[in-house]
Amino acid sequence: MKVTELFKEGKFVVSAEVGPPKGINIDKMIEEAKEYLTGVDAINVTDNQSSVMRLGSLAVCKVLKDNGFNPIFQMTCRDRNRIALESDLLSAAMFGIDNVLSLTGDYTKLGDHPGAKPVFDLDSVSLLYTMGLLEQGKDLGGQDLDGEPPTFAKGAVVSPCSDSVDAQLVKMERKIKAGAQFFQTQAIFDSERYIKFYERAKEFGVPIQLGIIVPKNAGMCNFMNNNVAGISIPAGIIEELKADKERAKAGITGTEIAARIIRECKDYCQGVHIMTLGWESKIPGLLEQAGLA
Amino acid sequence: MLITQLKEKESIEALVNGKAFIINCFGCKEVHFPEKEAKEFQEELKAAGKVTEILTMDYICNPKNLELHLQNYKAEIEAADVVLVFSCGVGVQTVADFCADKKVFAACDTYELPGYQGVTPQLFDCDQCGMCFLNGTGGICPLTACSKSLVNGQCGGAKNGMCEVDPEMECGWERIQKRLEKLGRIDILKNAPVQIRDYSTDDATKEAKQSE
Ligand code: SF4
Ligand code: SF4
């Protein structure tokens with residue numbers, strides 16, 4: 001089911017993200033999804049995230065769908081040229097997978113196949129445009145599609161706490177003009193900074209899901225602050241995690257922090273998107289504390 | 001080696017809002033330059049009263065050399081609304097960097113011609129893509145200034161203004177953003193059509209060679 005329908009109904013849309021394993025055994029992933037993710041509206045499946053080779057996003061989306069979940073197919077432009085991207089979009093539509101999140105993708109060198117060829121034939125903007133074209137029964141080569149054209153809920157990402165926020169807003173506008181119908185943000189830890197961004201972005205009138213990561217410990221926060229683009233974790237949060245290491249380790253402190261950020265930003269977004277990083281088990285508690293369960 | 005070809009006349013004319021200061025570069029012998037077409041076109045612009053001066057020189061890609069020549073034309077550049085450059089992509093970028101508060105436009109597309117690469121000072125780089133994007137990016141080449149050669153704007157990977165691929169390199173799209181902001185022209189980026197590269201420019205190279 002298209003998440004755009006949910007936004008239209010005025011629903012506060014909650015999605016979570018799962019990363020496929022490096023291998024073909026996904027029983028554990030599906031079990032975990034059944035145990036912890038039944039309360040969410042949709043599940044993103046990452047596409048060889050951080051340029052680390054894994055089981056394919058499309059295949060995992062199909063399995064999730066067969067198990068009664070509503071998948072969001074993440075597509076990066078790093079590994080496929082326009083022919084392969086268009087073809088995979090058709091494949092997704094044939095399987096009834098109709099939520100697609102368009103991303104440019106991390107550079108190849110950052111992952112576990114640093115010698116791989118970076119493709120970037122299209123990018124997040126032109127991929128959105130391509131989806132729109134397919135919806136009209138055309139492809140990028142100018143040819144007609146056979147029969148009923150596919151339709152998608154077309155998603156994109158934006159990084160509200162990027163130190164290049166002006167460039168991010170321009171790109172966001174370009175994505176909307178290219179067809180983006182909803183946004184998921186990079187993980188937010190600084191509510192005030194996010195709200196400032198929202199005050200500028202709301203004029204576009206396109207629903208935004210607040211990106212959330214449950215922080216695990218101070219070390220993880222420092223690492224993200226230093227190495228992950230668009231992440232800015234205030235010192236206060238890091239102190240909170242340091243205060244009681246056992247509570248942090250059990251995920252109690254992190255869940256409290258994440259729930260608080262959601263509550264602070266709830267009036268400034270149309271949903272949340274939770275990147276679990278292996279902590280799927282924290283989601284039910286988080287949703288409850290945030291008042292979303 | 002490389003080949004330059006005039007962009008569509010209409011698209012250049014649309015850029016010249018007011019008067020233009022024109023720079024021709026006849027530097028590299030390796031470069032095929034559309035001399036005749038360029039001259040005809042420039043005569044037309046001149047007859048229409050849209051030109052403050054036409055400067056023809058060598059090696060505008062050498063910033064020192066460029067500065068030396070442009071010194072004598074301060075008034076003409078000042079009087080012009082745009083600077084129109086007929087050269088390869090490296091030349092246009094050098095001029096755009098030198099005249100950072102002026103609208104600098106490329107009148108040519110630069111194509112690749114297999115064989116020996118002309119010797120140009122490597123302050124700026126051109127990938128000879130055959131569909132020059134400089135007119136929408138404030139004169140900074142998105143193909144060589146961005147590690148992913150993105151043509152529709154910044155990816156999410158820039159940190160502290162630096163590129164995710166090389167933290168020593170300033171993000172090319174951050175530079176483009178700043179340049180366009182400085183020129184008060186961020187709108188051209190917001191309103192630009194979706195850009196998709198055409199990798200079949202070897203056909204155009206063939207055509208240009210035949211027309212020689
Ligand atoms: S966009 Fe860059 S690579 Fe393409 S012709 Fe212009 S300067 Fe050269
Ligand atoms: S960080 Fe900037 S220069 Fe690097 S790939 Fe992204 S947009 Fe291009």
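1. Between chain A and chain B, 18 residue pairs are in polar contact, both partners being at pLDDT 80 or more; a polar contact here is a pair of N or O atoms within 3.5 Å, where within protein one must be able to donate a hydrogen and the other to accept it, and residues adjacent in sequence count only if both atoms are side-chain atoms. On the side of chain A that touches chain B, the elements giving two or more residues are helix 5, helix 6 (165-177) and helix 8 (218-227) of chain A, and helix 6 of chain A supplies the largest share, eight residues. Helices (H or I, at least four residues) and strands (E, at least two) are DSSP runs numbered from the N terminus. That side of chain A divides into 14 nonpolar, eight polar and eleven charged residues, with Ala, Val, Leu, Ile, Met, Phe, Trp, Tyr, Cys and Pro counted as nonpolar, Asp, Glu, Lys and Arg as charged, and the others, Gly among them, as polar.

2. This is a predicted model, in which local features need pLDDT of at least 70 and side-chain atom pairs count only at pLDDT 80 or more, while totals for chains, interfaces and linings use all residues. Residues are numbered from 1 along each chain as its sequence is written, chains are lettered from A and ligands numbered from 1 in the order in which they are written, and side-chain values use heavy atoms, with hydrogens and water left out.

3. In the contact between the chains (heavy atoms within 4.5 Å), 33 residues of chain A meet 30 residues of chain B. The buried area, meaning the accessible area (1.4 Å probe) that two parts lose on being put together, summed over both, is about 2,500 Å² for chain A and chain B, and carbon and sulfur atoms give 51% of it. Zero salt bridges are found across this interface, a salt bridge being a side-chain nitrogen of Lys or Arg within 4 Å of a carboxyl oxygen of Asp or Glu.

4. Over all chains the salt-bridge count comes to 22. One of them joins Lys22(A) to Asp112(A), with the closest N and O atoms 2.6 Å apart. Because Lys22(A) lies in the loop between strand 1 (13-18) and helix 2 (27-36) of chain A, and Asp112(A) in the loop between strand 4 (99-103) and helix 5 (124-135) of chain A, the pair ties together parts that are 90 residues apart in sequence.

5. Chain B is assigned domain 1 (2-131 + 197-211) and domain 2 (138-195), with bounds that come from an automatic or database domain assignment. The C-alpha centres of these two domains of chain B lie 21 Å apart, and their contact takes 14 residues from domain 1 and 13 residues from domain 2. About 1,100 Å² is buried between them, 60% of it from carbon and sulfur atoms; in domain 1 of chain B, Gln93(B), Ala100(B) and Arg197(B) lose the most area to domain 2, together 39% of what that side buries.

6. The residues around ligand 1 (a heavy atom within 4 Å of it) include Gln93(B), Cys126(B), Cys129(B), Cys132(B) and Cys141(B), and the shell has seven nonpolar, four polar and one charged residues. Ligand 2 is surrounded by residues including Cys146(B), Cys155(B), Cys163(B), Cys171(B) and Trp173(B), in a shell of six nonpolar, three polar and two charged residues.
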